[in-house]
Amino acid sequence: MLRPTLNELLSGMQRTIVEALMPELTSPYAQGQAMSAIAMIAHAAAVLESAPAYDAAETKDLRATFAAIKRLGDKHIAKKGGLRGALARATRASAKAPPDRRAMEESMAAFATAVALGHAGDSVARHVRGYLRRNLERSRNLLGGTSPGA
C-alpha cells in the first residue's frame, strides 16, 4: 500500500486545521468555517472507507438486474430506444474481468430513460425501478443520509 493513504492525508489535514490554523483564527466566523471544514473532511474520510463495499454491491446489482432483464426475452425489450443494444453492451461489460461498470451504468441510463419515456414494457420497468430504488438506498447509506454538518 502506498503511504500516506488518502485517509491518512485527510486526517493530517484535520490535524493541521486544529493544531495550526485554529489558534491563529480570532474571528468567530473564521473559526466556524474551520470547524465546518473539519466536519466535511471527516465525512469524506468516512465515505472513502465505505466506497469499496458500495462499489461491489453496485456492480453485483447491475449484473443481476441486467441478467433478470435478459431472462425476460426479446419480446419484452423494445426495439425503440435501442434497449437491445444497451442490454448487449451491459452483458458484455458485466462479463469482463473486472466488469466495466461505466459501460453498465451507461446501459442502465438508457433503460432508465426508456422507462421514463414510456418506451419500456412493464416487466422491464419493474426491474429498472427496483434497481434505481436499491441504488438510491445504497447512495444514501454511503453518504450517511445527511450532508456534512447537518
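1. Helices α2 and α4 pass each other in a left-handed crossing (left-handed if the near helix is turned anticlockwise from the far one by less than a right angle, right-handed if clockwise). Helices here are DSSP runs (H or I, at least four residues), numbered from the N terminus.

2. The model is predicted, with local features requiring pLDDT of at least 70, side-chain atom pairs counted only at pLDDT 80 or more, and totals for chains, interfaces and linings using all residues. Residues are numbered from 1 along each chain as its sequence is written, and side-chain values use heavy atoms, with hydrogens and water left out.

3. The axes of α2 (residues 28–72) and α4 cross at roughly 50 degrees and come within 11 Å. Helix α2 is therefore oblique to α4. Axes are lines fitted to C-alpha atoms over the stretch in contact, and angles run from 0 to 180 degrees between N-to-C directions; those under 35 degrees count as roughly parallel, over 145 as roughly antiparallel, 65 to 115 as roughly perpendicular and the rest as oblique.

4. On α2, the contact (heavy atoms within 4.5 Å) includes Tyr54, Leu62, Phe66 and Ile69, and on α4 it includes Arg101, Met104 and Phe111.

5. Helix α3 (residues 83–95) packs on α4 (residues 101–116) at about 155 degrees, with the axes 8 Å apart. Helix α3 is therefore roughly antiparallel to α4. This crossing of α3 and α4 is left-handed.

6. Residues of α3 including Leu83, Leu87 and Ala90 meet a set in α4 that includes Met104, Ala110 and Phe111.

How values were computed. Helices (H or I, at least four residues) and strands (E, at least two) are DSSP runs, numbered from the N terminus.
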